[in-house]
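The structure comes next, and my entries come after it.

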Amino acid sequence: MAASKKLPGASMISVDNEGSHGVFPYYTSCVDDPVYAYLLDGRLPAERYTGCQAVPLPGDTAVFEVGGTLTGKGTVRTHLVTDDMRDANRMLKRMLRTDVGSL
């Protein structure tokens with residue numbers, strides 16, 4: 001997101017809950033239509049940022065949330081949904097505050 005903000009006139013298409021990078025063709029109209037429009041006609045998407053939903057992995061019937069919710073601004077709002085995740089987050093924060101020289 002930071003890179004696209006620094007590129008004048010750039011547009012970004014992101015796929016929420018997708019673990020791969022560079023997912024084209026993705027076989028959904030949300031991702032593929034604006035990419036084809038740009039490649040074939042030079043037309044940029046109407047919006048600077050487009051957020052698309054992922055498709056289920058092979059063998060799955062649903063998409064599972066990975067880390068949070070995609071916002072309209074292209075950022076991810078994370079959710080700590082379990083006590084284990086909250087404990088892990090507190091532990092990580094403590095580790096990041098620890099002086100590296102004392103490890």
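The entries below run from the whole chain to single residues.

**Ground rules.** I am working from a predicted model, in which local features need pLDDT of at least 70 and side-chain atom pairs count only at pLDDT 80 or more, while totals for chains, interfaces and linings use all residues. I number residues from 1 along each chain as its sequence is written, and for side-chain values I use heavy atoms, leaving out hydrogens and water.

**Overall layout.** I looked up the secondary structure, where helices (H or I, at least four residues) and strands (E, at least two) are DSSP runs numbered from the N terminus, and found three helices and four strands. Read along the sequence, they follow the pattern α-β-α-β-β-β-α. I then looked at burial, taking buried as under 20% relative accessible area, exposed as over 50% and partly exposed as in between, with a 1.4 Å probe and protein chains only; of the 103 residues, 20% count as buried. For contacts, meaning heavy atoms within 4.5 Å, I noted that residues 24 or more positions apart account for 45% of those with a separation of 6 or more. The surface exposes about 8000 Å², of which carbon and sulfur atoms supply 58%; such areas come from the Shrake-Rupley method with a 1.4 Å probe, and for residues only the protein chains shown count as cover.

**Helix H2.** I asked myself which residues of H2 are buried. I found Val-31, Asp-32, Pro-34 and Ala-37, and what covers the buried residues of this helix includes S1 and strand S2 (49-53). Just after H2, I noted that Gly-42 takes a positive phi of about 75 degrees.

**Asp-32.** This residue sits in H2, which spans residues 29-41, and I wanted to know how far away the nearest side chain of opposite charge is. Counting Lys and Arg as positive and Asp and Glu as negative, with His and the chain ends not counted, I found that this side chain is Arg-43, 14 Å away, and that Asp-32 is buried yet has no salt bridge. Leaving aside neighbours within four places in sequence, I listed Phe-24, Pro-25, Tyr-26 and Tyr-27 as the residues in contact with Asp-32.

**The loop between S1 and H2.** Pro-25 lies in this loop, and I noted that the peptide bond from Phe-24 to Pro-25 is cis, with omega near -5 degrees. Tyr-27 is in the loop between S1 and H2 as well; its phi is near 65 degrees, a positive value in a residue other than glycine, and at 71% relative accessibility Tyr-27 counts as exposed. Asn-17, also placed in the loop between S1 and H2, has a positive phi of about 65 degrees although it is not a glycine, but Asn-17 is buried, with a relative accessible area of 18%.

**Aromatic rings.** I searched for pairs of Phe, Tyr and Trp rings (the six-membered ring for Trp) with centres within 6.5 Å, planes under 30 degrees apart counting as stacked, over 60 as edge-to-face and the rest as tilted, and the whole structure gave one pair. The rings of Phe-24 and Tyr-36 have centres 5.2 Å apart and planes at 65 degrees, so I recorded the pair as edge-to-face. It links distant parts of the chain, with Phe-24 in the loop between strand S1 (12-16) and H2 and Tyr-36 in helix H2, twelve residues apart. Phe-24 is partly exposed at 34% relative accessibility, and Tyr-36 is partly exposed at 39%.

**A nonpolar patch.** Patches are made of residues with over 30% relative accessible area and no salt bridge, like charges being joined within 9 Å and nonpolar side chains (Val, Leu, Ile, Met, Phe, Trp, Tyr) within 5 Å. I found a nonpolar one of about 650 Å², made by Phe-24, Tyr-36, Tyr-38, Leu-39, Leu-40 and Leu-44. Tyr-38 is in helix H2 and, at 46% relative accessibility, counts as partly exposed.

**Salt bridges.** With a side-chain nitrogen of Lys or Arg required within 4 Å of a carboxyl oxygen of Asp or Glu, I counted two salt bridges. Arg-43 forms one with Asp-41, the closest N and O atoms being 3.1 Å apart, and Asp-41 is exposed at 53% relative accessibility. Arg-90 and Asp-87 meet in a salt bridge at 2.6 Å, N to O; being three residues apart in helix H3 (residues 83-97), they are separated by about one helical turn.
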